[in-house]
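Hello,

Here is the structure I said I would pass on. My notes on it follow below.

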Amino acid sequence: MARLDKIHNAVKNALVKDGWTITHDPLIIQFEDITVQADLAGERTIAAEMDGEKIAVEIKSFLRPSNISEFETALGQYRLYRRLLLKLEPERPLFLAVSSVIFNRFFVKKAIQFVIKEENVSLIVVDVGKEEVTQWIKN
């Protein structure tokens, strides 16, 4: 089993506070001859919708000395998981979850914003201390 990101439980608790039910921890994504794991999956019932809304979440703590290296790894995982989910569960969008500290320090940089938009990366920004979602950025 893969090691959990340092902010895993804070993100999970923040999603629950935000009305989500965690359905998978982790979400196993199996396609043909490979298996990968996104950190979480959740569902939320929406009024007048029987099936509700579904998401998958990849969590990144950004603890390495280089935020660029961490971003390269996160982006690679995100692209792989998103592509597989589009084939297997197209109704389940993928989000990258990061702390508000990392978002405000790194993800606001113009070059990173450019890549996020170009790669259609959707983000969940979490205040780890309060265990609350502060932003949903859907691309």
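**What was found**

F62 sits in the loop between β5 and α2. Its phi is near 60 degrees, a positive value in a residue other than glycine. Is F62 buried or exposed? F62 is buried, with a relative accessible area of 5%. Please keep in mind throughout that this is a predicted model.

A second residue of this kind is E32, which has a positive phi of about 50 degrees although it is not a glycine. E32 belongs to the loop between β2 and β3 (34–38). With a relative accessible area of 68%, E32 is exposed, whereas F62 is buried.

The loop between β1 and β2 (27–31) contains P26. The peptide bond that joins D25 and P26 is cis, with omega at about 10 degrees.

**The sheet**

Six strands make up an open sheet, in the order β1-β4-β5-β6-β7-β8, and their pairing is mixed. Which strands stand at the edges? They are β1 and β8 (132–137); each has a single partner strand, so one side of each is left without a neighbour in the sheet. From one strand to the next, the twist averages 35 degrees.

Going through some of the pairs in turn:

- Strand β1 (residues 21–24) pairs with strand β4 (residues 40–44) in the antiparallel sense, over three bridges. Here T21 stands opposite E43 in β4.
- β4 is also joined to strand β5 (residues 53–59), by five bridges, and these two run antiparallel. In this pair E43 stands opposite K54 in β5.
- Strand β6 (residues 94–99) and strand β7 (residues 123–127) pair in the parallel sense, over four bridges. S99 of this pair stands opposite V126 in β7.

Helix α2 (residues 67–88) packs on the sheet, where it touches β5 and β6. The direction of α2 makes about 155 degrees with that of β6.

**The helices**

Two packed helices are described by the angle between their axes and the distance between the axes.

For α2 and α4, the packing angle is about 5 degrees and the axes are 13 Å apart. The two helices are therefore roughly parallel to each other, since angles under 35 degrees count as such. Which residues make the contact? On α2 they are I68, F71 and L75, and on α4 they are I112, V115 and I116. By class, this contact of α2 with α4 has six nonpolar, no polar and no charged residues.

The other pair is helix α3 (residues 100–107) with helix α4 (residues 110–118), whose axes come within 8 Å and cross at roughly 105 degrees. That makes α3 roughly perpendicular to α4, because the range for that term is 65 to 115 degrees. F103, F106 and F107 of α3 make the contact, together with I112, Q113 and I116 of α4. By class, the contact of α3 with α4 has five nonpolar, one polar and no charged residues.

I112 and I116 of α4 take part in the contact with α2, and I112 and I116 also take part in the contact with α3.

Regards

Technical notes:
Residues are numbered from 1 along each chain as its sequence is written. This is a predicted model: local features need pLDDT of at least 70, side-chain atom pairs count only at pLDDT 80 or more; totals for chains, interfaces and linings use all residues. Side-chain values use heavy atoms; hydrogens and water are left out. Axes are lines fitted to C-alpha atoms, for helices over the stretch in contact, and angles run from 0 to 180 degrees between N-to-C directions. Angles under 35 degrees count as roughly parallel, over 145 as roughly antiparallel, 65 to 115 as roughly perpendicular and the rest as oblique. Contact means heavy atoms within 4.5 Å. Ala, Val, Leu, Ile, Met, Phe, Trp, Tyr, Cys and Pro count as nonpolar, Asp, Glu, Lys and Arg as charged, and the others, Gly among them, as polar. Two strands pair if DSSP finds at least two bridges between them. Buried means under 20% relative accessible area, exposed over 50%, partly exposed in between (1.4 Å probe, protein chains only).
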